[in-house]
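Dear colleague,

I am handing over a structure that I would like you to look through, with some notes on what was found in it. Please have it open while you read.

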Amino acid sequence: EAGVAQSPRYKIIEKRQSVAFWCNPISGHATLYWYQQILGQGPKLLIQFQNNGVVDDSQLPKDRFSAERLKGVDSTLKIQPAKLEDSAVYLCASSLLTSGSSTDTQYFGPGTRLTVL
Amino acid sequence: AQSVTQLGSHVSVSEGALVLLRCNYSSSVPPYLFWYVQYPNQGLQLLLKYTTGATLVKGINGFEAEFKKSETSFHLTKPSAHMSDAAEYFCAVRPTGGGNKLTFGTGTQLKVEL
């Protein structure tokens with residue numbers, strides 16, 4: 001079974017530029033998550049989709065970050081314009097179920113490491 | 001709100017020695033508890049989880065963790081460390097009342113020395 005795919009793996013941009021990340025979840029997984037992992041910290045949830053609807057985006061800086069999940073499959077996360085403090089690893093995860101079942105497990109992709117200069 | 005505290009951002013053990021990584025949670029209701037491992041330049045991989053039932057949970061790669069409600073702890077152990085265990089370990093919680101949101105600790109970097 002293919003895992004969660006992300007691209008690019010690495011990205012270096014200058015502040016005020018725009019950047020986009022792509023995620024392809026495990027086939028059939030209803031829920032997709034984007035996390036931000038700043039160096040030395042644990043991952044922090046940015047946004048959660050169930051199918052193509054947003055469930056939780058309470059920690060997404062909406063003035064510069066946006067995300068979409070068209071057709072309930074692939075997802076893109078965009079930053080426009082980027083700031084120095086956006087330097088982090090952006091992790092995508094997916095899980096099979098839409099509810100918080102005890103059996104539901106999140107599977108993570110390899111992440112995209114963003115460096116903002 | 002739920003939170004997780006991992007004591008010790010860096011832990012170093014000798015190969016063959018006991019591994020103990022500490023995790024304490026804060027929650028009004030005992031949550032679901034998880035341990036993930038992250039190898040360099042890779043995503044997070046689930047080691048084990050506690051949801052209900054037996055409080056001693058066995059995971060992959062010889063790791064296990066015990067849920068202790070009275071201590072609000074979920075420490076991760078492995079009897080004998082191997083060089084391949086060197087990685088970063090994250091404890092996480094998720095509410096039992098619905099929702100999938102994981103809240104992670106700040107991680108513990110495990111170093112295994114010869």
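Predicted model: local features only at pLDDT ≥ 70, side-chain atom pairs only at ≥ 80, totals over all residues.

Residues are numbered from 1 along each chain as its sequence is written, chains are lettered from A and ligands numbered from 1 in the order in which they are written, and side-chain values use heavy atoms, with hydrogens and water left out.

In chain A, an open sheet of 4 strands runs in the order β1-β3-β8-β7 with antiparallel pairing (strands are DSSP runs of E, at least two residues, numbered from the N terminus, and two of them pair if DSSP finds at least two bridges between them). Its edge strands are β1 (5-7) and β7 (65-68) of chain A, each of which pairs on one side only. Between β1(A) and β3 (residues 19-24) of chain A there are 3 bridges, and A:A5 stands opposite A:N24.

There are 2 disulfides over all chains, counted as pairs of cysteine sulfur atoms within 2.5 Å. One joins A:C23 to A:C92, S to S 1.9 Å, and links β3 with β9 (residues 88-95) of chain A, 69 residues apart. A:C23 is buried at 0% relative accessibility (buried means under 20% relative accessible area, exposed over 50%, partly exposed in between, with a 1.4 Å probe and protein chains only). The other joins B:C23 and B:C91, and with a torsion of about -60 degrees about the S-S bond this disulfide is left-handed.

Best regards
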